Amino acid sequence: MKNCFLYLVACIATMACSSTDAQKPTERPNIIFIMADDHAYQAISAYGEGLNETPNIDRIAKEGAIFTRATVTNSICAPSRAVLLTGKHSFLNGKVDNIQPFDWDQDNFPKLMQANGYATALIGKIHLDGQPQGFDYSIVLPGQGHYYNPDFLINGETKRIEGYVTDITTDLALDWLENGRDKEKPFVMLYHQKAPHRNWKPAPEYLTLYDDKEFTPPANFFDHETNYQGRGTAAKEQTMEIDEIMRWGRDLMLEVNPNGDSTGLKGDLKRFNPEQLKAWREAYDPKNAAFLKAYGQLNENTLTLEKKREIAIWKYNRYIKNYLRTIKSVDDGVGEVLDYLEANGLAENTIVVYTSDQGFYLGEHGWFDKRFMYEESFRTPLLVKYPKEIKPGTSIKSLVQNLDFAPTFLDYAGIEIPKEMQGDSFRKLVSGESNEWRDAVYYTYYEYPAEHSVKRHNGVSTDRYKLIHFYYDVDEWELYDLEKDPREMNSVYDDPAYAEVREMMHKKFEEVRMKYGDSDANDKRFLDEYMEVYNKRNGK
């Protein structure tokens, strides 16, 4: 069974000596920061959406705190991770999109903790080019990485490790905790999973999970049938609809499409070993054959609306099941790490954080992916436990952002927070010592034109209202009343009844831009830099 060897080693070591001998207590807390990739809050059962069960991730909320309005500053993979490390908005740390390089020479919180006596490790996905700085030990996936038999970069050298990436990442984390760190020091470990990032390939043991279940799409799944009435150009022109955009092969796991053409999936499956491939075919071949028998050779241009909806719902189910199957392995890994802390006397003095690099669409508006400032993308799951300071069952609705992680961890470690960090420590907020917090958060998104065609935009959100400005090839504003319209189906920007709210939110928008040091000049600079690369790549 996965991870058994390392865990048994840890347990045997624990039984062989007393708890006081096994782990020397430290005054400063340890930190385990667990980040998944594209894990929507809707797919964590502690958030009450009822989609799946994540009992181990839920343990963190039960034993600590759950944040119900945590958000990101820029909903895309690499920029989000740069914000996590630096505590600075994208336009200050320089990593505004997945194209621009990341400057590892700038300060980050692991560097500061390492310099102040912490053992530090980065294990799993970071999606930032260059040699990671601030870590005694790092073993990371190059780029997005692979689910099966992945390559890892170890001190700049590539090594392929056979197995399933989520289990391997957990094994590596447990191994560092048991054998790799200096046990005389407090530690901070960034334990980052690839899952549940596209393309969703579940572990062998979960290939048939949910086969007996039919998932009902969100109520606004067929939002496109009204051409996103009530929204602007950006919603209408995106290219992230499950029905229209998902690929038959690498997204929906068919080796041939309904017209009998090869999809390219066979190329991906070459990475599997014979045992893995056998399990995969046994799980998917019968399901794929059943679909092709029912819908193959159909001319999509002549399908009735009812038949189109049937196929769209099939695509949604294939997507959501694979997505949730990959999360099951992530949840298993969280359980193993929590069990290790308990077995080794570390749980009381260790801060455990579970989050994602951003939110994700699970069929809302008919979409997958992220990027927009709309809620499902903008919000991210955040659960934190620290028995010494956080009461079990705590719920926090304040507007915390990924901008706040770096200063929070430095605060817990007793390290001075650099003035250039723009986030705030939420230590007193989550402990209940203070309820003072910001009343608005700021958002930027830069990667356009690009895959999924989500237009450049920025915006500000309070606990109730959200103002978004789409720019570059459009100049459109949207305003949402999240209390009355939590699914953001109708912008009220031009509604006379919201004239005062609109004015108030414009003032708030300018205030936060000035506070954080953003500007139209920044927007132009990053657009020019992006378009230079974009045009070269497209032969322009």
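Is E503 buried, exposed or partly exposed? Select E503 to start: with a relative accessibility of 48%, it counts as partly exposed, because the exposed class begins over 50%. Keep in mind throughout that this is a predicted model.

**Stop 1**

An α-helix has 3.6 residues a turn, so residues three or four places apart point the same way.

**Stop 2: salt bridges elsewhere**

Select D223 and R231: their closest N and O atoms are 2.9 Å apart, and both residues are buried. Next, select R371 and D369, a salt bridge with the closest N and O atoms at 2.6 Å. R371 and D369 are buried too. Now widen the selection to D38, K370 and E447, which join D369 and R371 in a network of salt bridges.

**Stop 3: the open sheet**

Colour the strands next. An open sheet of 10 strands runs in the order β6-β5-β4-β3-β7-β1-β8-β9-β2-β10, with mixed pairing. Its edge strands, β6 (157–160) and β10 (394–396), each pair on one side only. From one strand to the next, the twist averages 15 degrees.

Zoom in on β1 (residues 30–36) and β8 (residues 350–356), which pair in the parallel sense over 7 bridges. Pick A36 and you will find S356 of β8 opposite.

Two helices on this sheet deserve a look. α7 packs on the sheet and touches β1, β3 (119–124), β4 (137–140), β5 (151–154) and β7 (187–192), and its direction makes about 170 degrees with that of β7. Helix α14 (residues 405–413) also packs on the sheet, touching β1, β8 and β9 (382–385), and its direction makes about 175 degrees with that of β8.

**Stop 4: inside α7**

How many of the 16 residues of helix α7 are buried? Select residues 165–180: 12 of them are buried, so the helix is largely enclosed by the rest of the structure. Among the buried residues are D167 and E178, along with L172, W176 and L177.

**Stop 5: the nonpolar cores**

The largest nonpolar core has 80 residues, and those with the most contacts inside it are M189, Y319, Y323, L324, Y354, L362 and L383. Helix α12 (residues 305–343) gives the largest share of this core, 15 residues. Centre the view on M189: leaving aside residues up to four places away in sequence, M189 touches I31, I32, F33, A121, I123, A173, W176 and L177. A second, separate core has 42 residues, including Y118, I351, A413 and M421.

**Stop 6: a loop and a hairpin**

Move to S434, in the loop between α15 (427–431) and β11 (441–445). S434 is partly exposed, with a relative accessible area of 23%. A polar atom of the S434 side chain lies 3.2 Å from the backbone nitrogen of E436. Beyond residues up to four places away in sequence, S434 touches K428 and L429.

Finish with strands β13 (residues 465–470) and β14 (residues 476–481), which pair in the antiparallel sense over 6 bridges. K466 stands opposite Y480 in β14. Which residue takes a positive phi in the hairpin of β13 and β14? Select Y472: its phi is near 90 degrees, in a hairpin with 5 residues between the strands.

Technical notes
Residues are numbered from 1 along each chain as its sequence is written. This is a predicted model: local features need pLDDT of at least 70, side-chain atom pairs count only at pLDDT 80 or more; totals for chains, interfaces and linings use all residues. Side-chain values use heavy atoms; hydrogens and water are left out. Two strands pair if DSSP finds at least two bridges between them. Helices (H or I, at least four residues) and strands (E, at least two) are DSSP runs, numbered from the N terminus. A nonpolar core is a set of buried Ala, Val, Leu, Ile, Met, Phe, Trp, Tyr and Cys residues joined through side-chain atoms within 4.5 Å. Buried means under 20% relative accessible area, exposed over 50%, partly exposed in between (1.4 Å probe, protein chains only). Contact means heavy atoms within 4.5 Å. A polar contact is a pair of N or O atoms within 3.5 Å; within protein, one must be able to donate a hydrogen and the other to accept it, and residues adjacent in sequence count only if both atoms are side-chain atoms. A salt bridge is a side-chain nitrogen of Lys or Arg within 4 Å of a carboxyl oxygen of Asp or Glu. Axes are lines fitted to C-alpha atoms, for helices over the stretch in contact, and angles run from 0 to 180 degrees between N-to-C directions.
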